Amino acid sequence: MVKKENRFEVVYKDGAQLKDDGVRQIIVDTETGVNYLVWKAGYAGGITPLLDSEGKVIVTERKR
């Protein structure tokens, strides 16, 4: 059986599901290197790519 790798890797996590401000995570797409901010609290949440000061998507170079 082939081992399936996770496409997304959590590189930062803050907060708690039981608090009003929820959980914030930064995840990296292991195929593209694009960084995303993920926020979730209760039944709500959102995801957006992280941008640098010039408005460009932050990409982390990944070793394969």
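This note comments on the confidence and the salt bridges of a predicted model.

1. Basis. Numbering runs from 1 along each chain as its sequence is written, and side-chain values use heavy atoms, with hydrogens and water left out. Because the model is predicted, local features need pLDDT of at least 70 and side-chain atom pairs count only at pLDDT 80 or more, while totals for chains, interfaces and linings use all residues.

2. Confidence. The chain has a mean pLDDT (the predictor's confidence in each residue, from 0 to 100) of 88, with 86% of its residues at 70 or more.

3. Arg 7 and Asp 29. Four salt bridges (a side-chain nitrogen of Lys or Arg within 4 Å of a carboxyl oxygen of Asp or Glu) are present. One of them joins Arg 7 to Asp 29 at 2.9 Å, N to O. Arg 7 lies in the segment before β1 and Asp 29 in strand β2, so this pair ties together parts 22 residues apart in sequence.

4. Arg 7 and Glu 31. Arg 7 also forms a salt bridge with Glu 31, with the closest N and O atoms 3.8 Å apart. Glu 31 lies in the loop between β2 and β3 (35-41), so the pair ties together parts that are 24 residues apart in sequence. Through shared partners, salt bridges join Arg 7, Asp 29 and Glu 31 into one network.

5. Lys 56 and Glu 54. These residues form a salt bridge whose closest N and O atoms are 3.6 Å apart. Glu 54 is exposed (over 50%, with a 1.4 Å probe and protein chains only), at 61% relative accessible area.

Conventions. Helices (H or I, at least four residues) and strands (E, at least two) are DSSP runs, numbered from the N terminus. Buried means under 20% relative accessible area, exposed over 50%, partly exposed in between (1.4 Å probe, protein chains only).
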